[in-house]
Amino acid sequence: MYLNVFNKVRALDPTPGAFTFLDGNVLKIWSSEVVELDVESNFDKIGTIINQDKKNIFVLCGNKTVLKVNELQVSGKKRMPVVNFLSNKKDYVGTILGEENE
């Protein structure tokens, strides 16, 4: 599952781009990498943002693997590194990508 997501992101860059939904908006993921989950997570639903820091967003993909998002684009905005996206200081931990949640 996790390699499918990672490979889809790579295959769809630059056009048309892999996308999902975040806060009711289209979110394109342009660059990512697969990392292993080295601690237990309180979340179990695939697509959940399980952690974030000042530079990274980590999305649960299953099989104790995580997709680390490096570059993204929110609808109506330019393509940007995650560090720029996270400058809004919002806590996305627990948000499930793909669901049109508000």
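Q: In which strand does isoleucine 29 lie, and is this residue buried or exposed?
A: In this predicted model, isoleucine 29 belongs to strand β2. A residue counts as buried when its relative accessible area is under 20%. Isoleucine 29 has a relative accessibility of 9%, so it is classed as buried.

Q: What distance separates the C-alpha atoms of isoleucine 29 and methionine 80?
A: Along the chain, isoleucine 29 and methionine 80 are 51 residues apart.

Q: How many bridges join β2 to β5?
A: Strands β2 and β5 run antiparallel. Within this pairing, leucine 27 stands opposite valine 74 of β5. The number of bridges joining β2 to β5 is nine.

Q: Which residue in the turn between β4 and β5 has a positive phi?
A: β4 also runs antiparallel to β5, and five bridges join the two. Glycine 62 stands opposite threonine 65 in β5. The two strands form a hairpin with two residues between them, and the turn residue with a positive phi, of about 55°, is asparagine 63.

Q: Which residue of β6 is the bridge partner of leucine 72?
A: Strand β6 covers residues 80–81 and is joined to β5 by two bridges, the strands running antiparallel. Five residues lie between β5 and β6 in their hairpin, where glycine 76 in the turn has a positive phi of about 85°. In β6, the partner of leucine 72 is methionine 80.

Q: Why is β5 described as largely enclosed by the rest of the structure?
A: The burial of a strand can be judged from its residues, and β5 has ten of them. β5 is largely enclosed because the buried residues among these ten number seven.

Q: Which element gives the most residues to the largest nonpolar core?
A: The largest nonpolar core has 17 residues, and those with the most contacts inside it include Leu22, Ile49 and Phe85. At least two residues come from each of β2, β4, β5 and α2. With four residues, the element that gives the most is β5.

Q: Leaving aside neighbours within four places in sequence, which residues does isoleucine 57 contact?
A: Isoleucine 57 is among the residues with the most contacts inside the largest nonpolar core. In soluble globular proteins, nonpolar side chains tend to be buried together. Beyond its neighbours within four places, isoleucine 57 is in contact with Ile49, Asn51, Gln52, Leu67, Lys68, Val69, Leu72, Val82, Phe85 and Leu86.

Q: Are the rings of phenylalanine 19 and phenylalanine 21 stacked or edge-to-face?
A: The whole structure holds two aromatic pairs. In the pair of phenylalanine 19 and phenylalanine 21, the ring centres are 6.3 Å apart and the planes stand at 90°, so the arrangement is edge-to-face.

Q: What is the angle between the ring planes of phenylalanine 85 and tyrosine 92?
A: Phenylalanine 85 and tyrosine 92 are both buried. Their rings form a stacked pair with a distance of 5.3 Å centre to centre, and the angle between the planes is 20°.

Q: In what order do the elements of the protein run from the N terminus?
A: The secondary structure consists of two helices and six strands. Starting at the N terminus, the order is α-β-β-β-β-β-β-α.

Q: What percentage of the residues count as buried?
A: The protein exposes about 6,300 Å², of which carbon and sulfur atoms supply 50%. Of its 102 residues, the share that counts as buried is 36%.

Notes. Residues numbered from 1 in each chain as written. Predicted model: local features only at pLDDT ≥ 70, side-chain atom pairs only at ≥ 80, totals over all residues. Heavy atoms only, no water. Core = buried A, V, L, I, M, F, W, Y, C linked by side-chain atoms within 4.5 Å. Buried < 20%, exposed > 50% of the residue type's maximum accessible area, 1.4 Å probe, protein only. Contact = heavy atoms within 4.5 Å. Areas by Shrake-Rupley, 256 points an atom, 1.4 Å probe, with all protein chains shown as cover. Phe/Tyr/Trp six-rings, centres within 6.5 Å; stacked < 30°, edge-to-face > 60°. Pairing = 2+ DSSP bridges.
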